[in-house]
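Here are a few exercises to work through with the model open in your viewer. Try each task before you read its solution.

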Amino acid sequence: MATSCPAGLDTRRLRDEVSFIYRRVAEDPHGDFHFHRGAHYATELLGYDATELAELPPESPASFAGVANPHAIARLQPGETVLDIGCGAGMDLLLAARRVGQSGRAIGVDMTPAMAERARASSQAMGLSNVEVRLGDALELPVDDESVDVVISNGVINLVPDKEKAYAEIFRVLKPGGRLQLGDIIVAHELSEAVRNNIDLWTG
Amino acid sequence: MNVVGAAGLTDVEVVAHFDCFQGTSKEHIARKYGVRGANLLAGRAR
């Protein structure tokens, strides 16, 4: 699923680069990027429900840049607490909030202030009181131990250099019996050290 | 997959694949390295 962090990777530069790119996606989702964004992509290539997406504030799916569909793995249940790591502009987060209902909670964490702000604005526009967006990092989640029923994430963990730490954090916050519904990229072939050290390939 | 299990998560399974780079400027690189989107399910034991 994931490749461990190569010794020579400049992780600070990687983090800055990722943050820069996703701030651009938040501010100008129709700009020029190497990856797809938006509701049409989500429905056509990833199997999201177009009707459900049409019910969200358009700014949210416009900045969606996931790579898979965590909601297709298993149906979130009313009353569950869901954590979306790297929630971006909030498309998966808002879908989760609607599914868990008023008796549940949807917590989004994102390290990019522009994305977090967009997710907050969209949840407020929908009048959702069970959504909370926190600024934070996958390597140090601002979430209590054993407090989450389901962790979702979409296209984020592949951008985190220390995957061992990221998955340890997911384990920490999950309740016993909880589940991870992860959308991410997988690599079929073992990558060379040179490729793994190439930040342009990490970020596009 | 191994890193997910090493964290203590169990029943790790890839349940779907997605051609998320189809039609992008990086499609050829994705094909070269076999990069695809995937849905993965895992759990924390009770």
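**Exercise 1.** What share of the contacts in chain B with a separation of 6 or more comes from residues 24 or more positions apart? Then sketch the fold of chain B.

*Solution.* Keep in mind that this is a predicted model.

- Step 1: residues 24 or more positions apart account for 51% of those contacts in chain B.
- Step 2: list the elements. Chain B has 2 helices and 2 strands, and along the sequence they run α-β-α-β.
- Step 3: get the dimensions. The C-alpha trace of chain B spans about 45 × 15 × 10 Å along its principal axes.
- Step 4: check burial and surface. Chain B has 46 residues, 41% of them buried. It exposes about 2,500 Å², and carbon and sulfur atoms supply 50% of that.

**Exercise 2.** Describe the contact between chain B and chain A, then pick out the salt bridge.

*Solution.* 

- Step 1: count residues. Chain B puts 33 residues into the contact and chain A puts in 42.
- Step 2: go for area. The two chains bury about 3,000 Å² between them, with 65% of it on carbon and sulfur atoms. On the chain B side, B:V3, B:Y33 and B:R44 lose the most area to chain A, together 24% of what that side buries.
- Step 3: find the salt bridge. There's 1 between the chains: B:R44 pairs with A:E146, and their closest N and O atoms are 2.7 Å apart.

**Exercise 3.** Which residues of helix α2 in chain A are buried, and what covers them?

*Solution.* 

- Step 1: in α2 (residues 39-46) of chain A, the buried residues include A:Y41, A:A42, A:T43 and A:L46.
- Step 2: their cover includes α3 (50-54) and α5 (91-100) of chain A, along with β1 (10-18) of chain B.
- Step 3: step past the helix. A:G47 follows α2 of chain A and has a positive phi, near 80 degrees.

**Exercise 4.** Is A:H189 buried or partly exposed?

*Solution.* 

- Step 1: locate A:H189 in the loop between β5 (174-187) and α8 (193-196) of chain A.
- Step 2: its relative accessible area is 45%, so A:H189 is partly exposed.
- Step 3: check its contacts. Leaving out residues up to four places away in sequence, A:H189 touches B:K32, B:Y33 and B:G34.

Methods
Residues are numbered from 1 along each chain as its sequence is written. Chains are lettered from A and ligands numbered from 1 in the order in which they are written. This is a predicted model: local features need pLDDT of at least 70, side-chain atom pairs count only at pLDDT 80 or more; totals for chains, interfaces and linings use all residues. Side-chain values use heavy atoms; hydrogens and water are left out. Helices (H or I, at least four residues) and strands (E, at least two) are DSSP runs, numbered from the N terminus. Buried means under 20% relative accessible area, exposed over 50%, partly exposed in between (1.4 Å probe, protein chains only). Contact means heavy atoms within 4.5 Å. Accessible areas come from the Shrake-Rupley method with a 1.4 Å probe; for residues, only the protein chains shown count as cover. Buried area is the accessible area (1.4 Å probe) that two parts lose on being put together, summed over both. A salt bridge is a side-chain nitrogen of Lys or Arg within 4 Å of a carboxyl oxygen of Asp or Glu.
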